[in-house]
Structures are given as C-alpha cells and as structure tokens.
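Please open the structure in your viewer and display it as a cartoon. The stops below say what to select next and what is to be found there.

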Amino acid sequence: MALTGPNGAGKSTLLKCMNGLIRQWKGRVELNGKDLKKMRRKQIAQCMAYVPQTISTVFPFKVFDMVLQGRYPHQRFGYGQTDYEKAFHALRRMGIQDLAMRNLKAISGGQRQKVAIARAIAQEAEVLLLDEPTSSLDILHQLEVMELLKGLVSQKKISAVVTLHDLNLAARYADIVVMLDRGQIMASGDPGSVLTGETIASVYGVNVAVTRVEDRPHIVPLKPVRPTPL
C-alpha cells in the first residue's frame, strides 16, 4: 500500500499512529485484533517494523550493529548466532554487506537509508512501515529498493505500507494507493482508479497527463491548476 498526498497531508503521522509512536489518535488501531494502545513496544516490534525517513547518527554505531538491532524484539538472553546470521543476510539482501564494519556516520544518506531497511528486514516482521524509503536515493537505487520490497511482500507473504511523494513509483509498485489531503482520505483503491487527472488536480493543484506504461498509470505533470503569481 502506498500512502500519497502533498506535503502536510498526514502521511507520516498516519504511519506513526499505525506503529503506536503517536498515541493521541481518535478511534482505535488494532494489530492482529489487539488494541495497539494496550500492547508493549516489544510486542508491537515483533509484528511491525518501522523505517523512518532518516536514522540517527548521534552515536558511532557500526553498520552491522545498527542492523543487528532489528533482532532485539526477538531476543531473550542477548544476541545469538542466529541473530548474527539474520543480520548479515539482511545486509546481503540490500547489497551493502561491504559496509558492515563501516561507521554509520561515514556513509552517505542513501546508504544509511538502505541500512534502515536492512534493519527492518532483519526484524522479520509481518508488516513493514516505511516513511519515504526512496527519498535519498538516485533513480537506480529507488527502483532497486522498490523491487526488493515488492519481492519481500510476494515471497514472504507480508504487508508493506510505504509513504511516497513519487506518484509514478506508487503507480508502478503499489497494489493499493491511498491519497491523503489535510488528514483526510480523498481516494483509495488500485492505482488506476486513484491516480487520475481529476483526483491529482483536486488534491495537488496540478494538471497532469495520465498515460499507461506496462498497464500501469504514468503521470506527467503539466502545469498548476492556478497560475503561480509572478
């Protein structure tokens, strides 16, 4: 599922509510039939892995140690051999095993984003929540990350909820697109039914041309609905 919408629409806030990082919501959030507010953080982390837009580099963590943290929800008496193997497997899956002993502060923002995703893979959760996972990546690595996520969902039968600004990535990879605006759901469904010229013009204030590429919508921005004052 891709969460789309303009800046300030509530995408990141919704994702944090789903993970229990923000708890001042109205209504009820359930995880496997349980009220999220009544669950401990470790219980939530056993089921859901959260990848923020950026990861902190305040402390001089090695890349491998950061990925190994994904195993914390499953440990009882410290990390074991299985945890180390799963962490390194996650690094290999992201193609960054050569960075394992590098300091987190010494790698690029795009590489740190891959480390965060590797940590989520090591966590082996049923649900992945990713906040703008492609924002720091070039076009090649954007496609690599989205292909990887699509493969994980398909192979492991898990779910992924991803916030995206790039409507074409949402159109290409999402099964369901939810378009938000000012905290409200404006449209929800398959990419073809949501990513229409009318909906995008209404929510984003931009006229677009919507074509089809490989039987998926492809959005070409044309001009603002209302001309920008000079």
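Begin by selecting Ala49, which is found in strand β4. Helices and strands here are DSSP runs, numbered from the N terminus: helices are H or I with at least four residues, and strands are E with at least two. The model is a predicted one, in which local features need pLDDT of at least 70 and side-chain atom pairs count only at pLDDT 80 or more, while totals for chains, interfaces and linings use all residues. Residues are numbered from 1 along each chain as its sequence is written, and side-chain values use heavy atoms, with hydrogens and water left out.

Is Ala49 buried or exposed? Ala49 has a relative accessible area of 0%, so it is buried. Buried means under 20% relative accessible area, exposed means over 50%, and partly exposed lies in between, with a 1.4 Å probe and protein chains only. Now show what Ala49 touches: leaving aside residues up to four places away in sequence, these are Ala120, Gln123, Ala125, Val127, Leu128 and Leu129. A contact means heavy atoms within 4.5 Å.

Next, select the strands of the open sheet. Its 6 strands run in the order β4-β5-β6-β1-β7-β8, and the pairing is mixed. Two strands pair if DSSP finds at least two bridges between them. Which strands stand at the edges? They are β4 (48-51) and β8 (184-189); each has a single partner strand, so one side of each is left without a neighbour in the sheet. On average, neighbouring strands of this sheet are turned by 15° against each other, direction ignored.

Move on to β1 (residues 2-4) and β7 (residues 177-181), which pair in the parallel sense over 3 bridges. Within this pair, Leu3 stands opposite Val178 in β7. Helices also pack on the sheet. Helix α5 touches β4 and β5 (127-131), and its direction makes about 175° with that of β4. Helix α9 (residues 197-204) touches β1, β7 and β8, with a direction about 30° from that of β7. For these angles, axes are lines fitted to C-alpha atoms, for helices over the stretch in contact, and angles run from 0 to 180 degrees between N-to-C directions.

Select Glu124, in the loop between α5 and β5. Its phi is positive, about 55°, although Glu124 is not a glycine. With 41% relative accessibility, Glu124 counts as partly exposed. Then select Glu132, in the loop between β5 and α6. Glu132 also has a positive phi, near 50°, but at 7% relative accessibility this residue counts as buried.

**Helix α4**

Now turn to helix α4 (residues 81-94). Its 14 residues should span 20 Å at 1.5 Å a residue, and its end C-alpha atoms are 20 Å apart, which agrees. The expected span is 1.5 Å times one less than the number of residues. Which residues of α4 are buried? They are Asp83, Ala87, Ala90, Leu91 and Met94. Seen down the axis of α4, these buried residues fall within an arc of 100°, so they line one face of the helix. The arc is that of the directions from the helix axis to the C-beta atoms. Among what covers them are α3 (63-68), α5 (109-123) and α6 (139-156). Just after α4, Gly95 takes a positive phi of about 75°.

**The hairpin**

Go on to β9 (residues 206-213) and β10 (residues 216-224), which pair in the antiparallel sense over 8 bridges. Val208 has Pro221 in β10 as its bridge partner, and Ala209 has Val220. The two strands, β9 and β10, form a hairpin with 2 residues between them, and Glu214 in the turn has a positive phi of about 50°.

**The whole chain**

Finally, display the complete protein chain, whose secondary structure comes to 9 helices and 10 strands. Its C-alpha atoms fill a box of roughly 60 × 40 × 35 Å, taken along the principal axes. Of the 230 residues, 45% are buried. Among contacts with a separation of 6 or more, 60% are between residues 24 or more positions apart.
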